[in-house]
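Colleague: I would like to know how the labels in this model were decided. Please set each value against its definition.

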Amino acid sequence: MALSGFRMNLRNVVKVRNLLILPLSPKWISTTSVSQKNIRSGVYKTTNNRSRPLTYEQAQKPHLIGVTKAWNSWNASNLDGEHKCLPETIWEDVFIRKFMTGTWHNLFVSEIIIKRRQNLIVVAGLVSRSVAARKMYFLLGYTEELLSNLLKRPVKIEIQTVNSKKDVFFKWI
């Protein structure tokens with residue numbers, strides 16, 4: 001059991017319960033300096049010239065969820081005895097978000113909020129006024145009807161309109 005370029009002696013060998021483990025050598029240990037990066041989730045990194053806009057929901061700290069900020073999906077799937085429909089609920093939420101961003105292309109200026117009330121699914125959000133009112137009413141009816149037929153339950157869409165995306169910004173970091 002000879003290693004090339006390494007002399008075996010009793011100081012370099014570790015024995016655990018009569019098993020011979022790899023020899024220890026100072027060459028095998030590498031240390032690096034600590035990188036002080038912002039790796040916390042939900043906390044946005046600031047820029048030097050404060051050019052990154054944040055909405056009200058993004059500006060809230062993660063530990064304030066449930067105090068000053070609500071969740072983006074409201075459901076009762078995590079209650080006792082409701083575990084059988086949890087994968088369906090997650091799939092439906094992902095499908096609704098992708099369908100809404102594809103149908104309402106570049107119109108939503110905030111996050112899409114999904115609320116489940118008994119059998120009713122309510123989808124809410126802020127939409128910019130960049131299209132005509134007729135087209136917005138068509139998109140509203142089209143989305144409600146198609147999602148209701150695909151998900152086999154009633155879907156209601158609650159939207160509020162803003163002039164531009166800049167009206168949604170809460171602060172700049």
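Colleague: What makes β6, helix α3 and β7 a right-handed unit?

Modeller: β6, helix α3 (residues 133-151) and β7 form a right-handed β-α-β unit. A crossover gets that label if, with the strands pointing away from the viewer, the path from the first strand over the helix to the second runs clockwise. Helices (H or I, at least four residues) and strands (E, at least two) are DSSP runs, numbered from the N terminus. This is a predicted model, where local features need pLDDT of at least 70 and side-chain atom pairs pLDDT 80 or more, while totals for chains, interfaces and linings use all residues. Residues are numbered from 1 along each chain as its sequence is written, and side-chain values use heavy atoms, with hydrogens and water left out.

Colleague: How many helices and strands does the protein chain have?

Modeller: The protein chain has three helices and eight strands. Along the sequence their pattern is β-β-β-α-β-α-β-β-α-β-β.

Colleague: How do you know that β6 and β7 pair, and in which sense do they run?

Modeller: Two strands pair if DSSP finds at least two bridges between them. β6 and β7 are joined by eight bridges and run parallel, with valine 127 opposite threonine 161 in β7. On β5, the partner is again β6: five bridges connect β5 and β6 in the antiparallel sense. Arginine 116 faces isoleucine 121 in β6.

Colleague: Why is β6 called largely enclosed?

Modeller: Buried means under 20% relative accessible area, exposed over 50%, and partly exposed in between (1.4 Å probe, protein chains only). In β6, seven of the nine residues are buried, so the strand is largely enclosed by the rest of the structure.

Colleague: What is the phi of glutamine 118, in the hairpin of β5 and β6?

Modeller: Two residues lie between the strands of that hairpin, and glutamine 118 has a positive phi near 55°. This is a positive value in a residue other than glycine. At 85% relative accessibility, glutamine 118 is exposed. Arginine 50 also has a positive phi, of about 50°, although it is not a glycine. Arginine 50 sits in the loop between β2 and β3, and its relative accessible area of 54% makes it exposed.

Colleague: What else is in the loop between β2 and β3?

Modeller: Threonine 46 is in that loop, and at 55% relative accessible area threonine 46 is exposed. Threonine 46 and isoleucine 173 are 127 residues apart in sequence, but their C-alpha atoms are 4.9 Å apart in space.

Colleague: Why is the pair of tryptophan 91 and phenylalanine 95 called stacked?

Modeller: Rings of Phe, Tyr and Trp (its six-membered ring) pair if their centres lie within 6.5 Å; planes under 30 degrees apart count as stacked, over 60 as edge-to-face and the rest as tilted. The structure has six such pairs. For tryptophan 91 and phenylalanine 95 the ring centres are 5.4 Å apart and the planes at 5°, so the pair is stacked. Both residues are in helix α2 (residues 86-103), four residues apart, which means about one helical turn between them. Tryptophan 91 is exposed at 55% relative accessible area, whereas phenylalanine 95, at 26%, is partly exposed.

Colleague: What makes phenylalanine 169 and tryptophan 172 edge-to-face?

Modeller: Their ring centres are 5.3 Å apart and their planes at 80°, so the pair is edge-to-face. Phenylalanine 169 is partly exposed at 22% relative accessibility; tryptophan 172, at 44% relative accessible area, is partly exposed.

Colleague: What links Trp91, Phe95 and Phe99 into a cluster?

Modeller: Ring pairs link Trp91, Phe95 and Phe99.
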